[in-house]
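Subject: Structure handover

Hi,

Here is the structure I promised to pass on. Please open it beside this email and follow along.

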4 protein chains.
Amino acid sequence: MVVILKHGVNRDKADLVKQQIQKRYPHLTDIKISEGEEIITLQIIGSKERSINPTDIEGIEGVERYIPILDPYKLVSKDFQPYPTIIRVGSGKNAVEIGKEFVVMGGPCSVDENTPEIAQMARDAGVKILRGGADKARTSPYSWQGMGEKGFEKLAEAGQAAGLPVIGEVVDTTRIELASQYCDILQVGMRNMDNYWLLKELSQVDKPVLLKRNNAATFDEWMLAAEYLLLGKDDKGNGQYIGGNPNVILCERGILSFDKPNSRNVADANAVTQCKNKTHLPVVGDPSHATGKRENVVTTGLAYVAAGADGLIVEAHYDPSLAKTDSAQTIDMKQLSYLVKKGEELYNSLRSFI
Amino acid sequence: MVVILKHGVNRDKADLVKQQIQKRYPHLTDIKISEGEEIITLQIIGSKERSINPTDIEGIEGVERYIPILDPYKLVSKDFQPYPTIIRVGSGKNAVEIGKEFVVMGGPCSVDENTPEIAQMARDAGVKILRGGADKARTSPYSWQGMGEKGFEKLAEAGQAAGLPVIGEVVDTTRIELASQYCDILQVGMRNMDNYWLLKELSQVDKPVLLKRNNAATFDEWMLAAEYLLLGKDDKGNGQYIGGNPNVILCERGILSFDKPNSRNVADANAVTQCKNKTHLPVVGDPSHATGKRENVVTTGLAYVAAGADGLIVEAHYDPSLAKTDSAQTIDMKQLSYLVKKGEELYNSLRSFI
Amino acid sequence: MVVILKHGVNRDKADLVKQQIQKRYPHLTDIKISEGEEIITLQIIGSKERSINPTDIEGIEGVERYIPILDPYKLVSKDFQPYPTIIRVGSGKNAVEIGKEFVVMGGPCSVDENTPEIAQMARDAGVKILRGGADKARTSPYSWQGMGEKGFEKLAEAGQAAGLPVIGEVVDTTRIELASQYCDILQVGMRNMDNYWLLKELSQVDKPVLLKRNNAATFDEWMLAAEYLLLGKDDKGNGQYIGGNPNVILCERGILSFDKPNSRNVADANAVTQCKNKTHLPVVGDPSHATGKRENVVTTGLAYVAAGADGLIVEAHYDPSLAKTDSAQTIDMKQLSYLVKKGEELYNSLRSFI
Amino acid sequence: MVVILKHGVNRDKADLVKQQIQKRYPHLTDIKISEGEEIITLQIIGSKERSINPTDIEGIEGVERYIPILDPYKLVSKDFQPYPTIIRVGSGKNAVEIGKEFVVMGGPCSVDENTPEIAQMARDAGVKILRGGADKARTSPYSWQGMGEKGFEKLAEAGQAAGLPVIGEVVDTTRIELASQYCDILQVGMRNMDNYWLLKELSQVDKPVLLKRNNAATFDEWMLAAEYLLLGKDDKGNGQYIGGNPNVILCERGILSFDKPNSRNVADANAVTQCKNKTHLPVVGDPSHATGKRENVVTTGLAYVAAGADGLIVEAHYDPSLAKTDSAQTIDMKQLSYLVKKGEELYNSLRSFI
């Protein structure tokens, strides 16, 4: 950390600031004070920094600004684990290795009676994991809220019939057990990325978790959410963590835009590259939610792959106009098939370099 | 709704679009087609619109854009209930009428051993409701996560001793019962504004709910979250709503900024005015989270009042440098007292006009 | 246009609104009034709409909202010109056809003494047009402001020696003549995209213009800026336009992010796809400014190509650490060469589909 | 500055980084190297920092991040000039002291034939300076572009007749002379805040300049734009600055929002408070552009005053529906009069504290 003191704070006051920091964080024994030409700064460099809460320091009188030096996350970092995490789902010839091979997860936005048929066609188009929503999180209470438990059942059946592992969303702590019963991968939707209560529970589960980035989360906030999953739960608040789920898949699905009428979100391809540079976790892109527009899904999907994604998750239907939800961003089987093929080509072509 | 068709779509294709809309929404019997000079549009005006999901329509081939005509929310609207909702908490001489009198809710960010003393001093400074966090939602898993159940206990005791009703946050559906036991008002934090599963459960509770705006939520998304609370729960998906909680307080606490180093969030005073123009619900501003900086809390608090707020919720401590969390944005008792006094003056001075 | 009236406005008042609109816009003779269940709307569909200023209508009492139906731009639209615009620069074996072949424009951020050498190496790496800044627009007055006129001279010389056409930036109306003397393409930087005075003058110039998108401009605002260039100048305010420059290249260079520390801007690949869907103008991506980080430039560049870009403009140097400006986002010759090669491969592979 | 090196960079490489920094900036003789537990950092504290360009440092191999310690601006800072700048315009009984008394600048968005009448009424409502646009910067080329030179004439005449100094906008370097001839204050519109070529020319002019904040500018970028005005012009690039205009008025007019349909911009009241905390320059708020909505102008105007503004600039008309431009955000004389009165009351009430 570097602590910048306000203009006009002298050495005596700087010592007081140091004392106040140490009163709160007694283990910070080696804070150095540097007197500059215009201002004074305090520094400490070391892993102790991660336990410091910036606003604690900025709350001390005389402090202008707190600057962290280290990345705030640790377990998700490549510095901590240099080799890539590979996540295996399914078995036999349906086995998939996320982080090692190019993987497209596809299927309808919401599970309904057409899901089994879509599953078969999606598999033929090259999809390796079936997606589909059972519990839905809808902006309006007047919108359809999904099939719930029956949806999970149907999703699992459709996956089994098509020979595909399935991914489904968990929207509340009370639904983890249900979802775990039916799904091979549990999805945390973008609205729940910062639902830390849910993340702590999912850190106790023996299923891979796909963690969508909230559309307003910084890269660091997203990484810290993943850190919650890997770290486990400190029930007694004594620094003893229970559990911890190492099988986390990151998912970029577009960030908030000032130009909503033209773009539901903005695909942040750069963040995907940063995931590959900074973490050991696999990362996929979701071009359906990133664009909101069927005609832009394929190009944005390829853009994610160009940026280094290990795979994609897309909404697809044999007749998108029949999709129960998200029809406008649902692609058809021809587009899906093209996306899988071109995506794989590009993935293989870039693999040696990125 | 107005449905704008793509350039080049002719009358025959427009009829097909109309048919597809009616196949999905059979009750939309009166769709009109208008042929313009360059393009064709379809229109329907009426309350049926609220059941339409824009992406369903935009998913139909030939459709360029869907434009809603009505506000998507109903129960929270002034058009539906023209007189203001007034929410009563506390009793006897501690009774408070939110929406009728100027109300400052104040107290520490997190409950700890100093809370009882803060409560007394906050009351003396003019605070009418005690705030304090027991279950905390923290960005980093390495940050302190709050006192939990013991925190709720202590908060309730401190409020009782000082003669103040209390407000506390609910972070998960499994914590509603606990929080309800101790708190007079249940707070939904900004990260949970779009946790619809939680909102549905809170629509069944007999306690007022303070609903913070997510820092990335549009005005309409915020209003729809409130609508979830007022509307109740449709357990069987048959359009029969159970419960519904009419006692909702809106809370603006700043929105996402591209200038984070200088401003944690941006206080959206304009949104407060819009609340007063559009809804019958009381609205308060949270200048602590909106600014993140102690020295800007008072001015931003007054800016919210100038914009029409019915009150404020602020983090305060007799010695902000001791605050367990959010120290940098916690004001002291002198600032609190000034804010209450000037806020009330301004509130009364503007009351006749707004 | 659709004009939505406020809740409670009756038919008589709606007639008054119609009269007020027609008083301001006498040629809008065919406004239709539709009485809905909750509210009344007014409509007119036709090209007359583009002359309407939304805030004029929203300023009329009783009006809730103005909704445009048509895209606000015309000359840049595919609906107006269905075949793609191809822009030719250079001659003989140095001739380049932007919009027809894959084109990478590359070179140093700022022109300096190393520019001639960079030009040669960039050409060998596959670059077809040399870029380099002479007049620089710097955020801080304490930063180096560029070589000015001498820079233009050196840029032109370096291009000629390497057999490459050159592109240079025009920062003010008083510099158009100078820049035109030395450059084959005139660049409008992102800060000047909405400098309409400059655009009007550039609409009179016989050189292609590359128009960067402002990092806070919506897609429509960007297109309207291009429309200024194509339309020409109405000196006398009588609707008679002089000039008009049909040779406009669009350039996406990233939009404003709430996550600046991690990403200088966010590459909006989706906007590139939208350019291809909506306009006939060629579009290039600028991954250097979009990312701000050398290690992310190649992947983001390929993401732009995946999204449909006709080419790229990148900052490159044989030794990026020597770059006078923008060193952090300047790639070296090996990266440049890889980007050109993989970019071209991808461009050709996708060409048939997009 | 603090330079954070990448994980894994050892002491020898750190020395190399230091050498490369000193090669570029020979005057940085006292760089200290600190070896931390996980990483190494380099530091230098002193005014030399302002000459460093962050991307130069981040461009060096092995560097992870550059962190500035000092504010990047100097002349506008309170640290440099502790007493407030007061700007005098007009003379005799029309004299106004901006920064000392509460000042509302008001008038039509665009000058037209009604301007003289508006001027008289605005003066009666308490306005002290007349505003009005002659050269207009319009998003669409199909919108009316203003009266130009005749508009400046009419504005000056209207001001003289009403006994009010006038403020008018300069949209291009070639219009400075014209505008200076007629106006008492020159306005730089939000689109030109980062038009550094224009700012350099205005640093040579003997008239106060009102500098609007670009709606996508960070606080620091805005301050640096003001720094351009105060610093003057370094024609020969030898560090010798000519001129410099000390009479700069800052103007906050709302920043970019992700919620445009509900709010044209978001008034950043917090930034106004920050201006008062950080600089010696007077600051005014522009609630018309910040909200875009007549019914929200008064409350947002008062919010700016609550935040510490020295005054306001507002669009007003005796009949807003007649306003040639920006009709929707133009208030009438009754609202104007109320805003001036309540604004002044609030300003005086808070004066002692802020």
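This is a predicted model: local features need pLDDT of at least 70, side-chain atom pairs count only at pLDDT 80 or more; totals for chains, interfaces and linings use all residues.

Residues are numbered from 1 along each chain as its sequence is written, chains are lettered from A and ligands numbered from 1 in the order in which they are written, and side-chain values use heavy atoms, with hydrogens and water left out.

**Chain A**

Chain A has 11 helices and 14 strands. Both are DSSP runs numbered from the N terminus: helices are H or I with at least four residues, strands are E with at least two. The C-alpha trace of chain A spans about 75 × 45 × 40 Å along its principal axes. Of the 354 residues in chain A, 65% are buried (under 20% relative accessible area, 1.4 Å probe, protein chains only).

**Chain B against chain A**

Here 55 residues of chain B are in contact with 55 residues of chain A. Contact means heavy atoms within 4.5 Å. The buried area is about 4,600 Å², and carbon and sulfur atoms give 48% of it. Buried area is the accessible area (1.4 Å probe) that two parts lose on being put together, summed over both. P141(B), Y142(B) and W197(B) supply 16% of the area that chain B buries here, more than any other three residues.

How many salt bridges lie between chain B and chain A? The count is 2. A salt bridge needs a side-chain nitrogen of Lys or Arg within 4 Å of a carboxyl oxygen of Asp or Glu. E295(A) forms one with K6(B), with the closest N and O atoms 3.8 Å apart. Several helices of chain B supply at least two residues each to this side, among them α1 (11-24) and α10 (294-306). α7(B) gives the most, with 5 residues.

**Chain B against chain C**

Now 26 residues of chain B touch 27 residues of chain C. The area buried between them is about 2,200 Å², with 58% from carbon and sulfur atoms. The rule finds 4 salt bridges across this interface. In one of them, the side chains of E38(B) and R50(C) meet at 3.2 Å, N to O. Strands β1 (2-5), β3 (40-43) and β4 (63-67) of chain B each give two or more residues to this side. The largest share, 3 residues, comes from β4(B).

Best wishes

Methods:
Buried means under 20% relative accessible area, exposed over 50%, partly exposed in between (1.4 Å probe, protein chains only).
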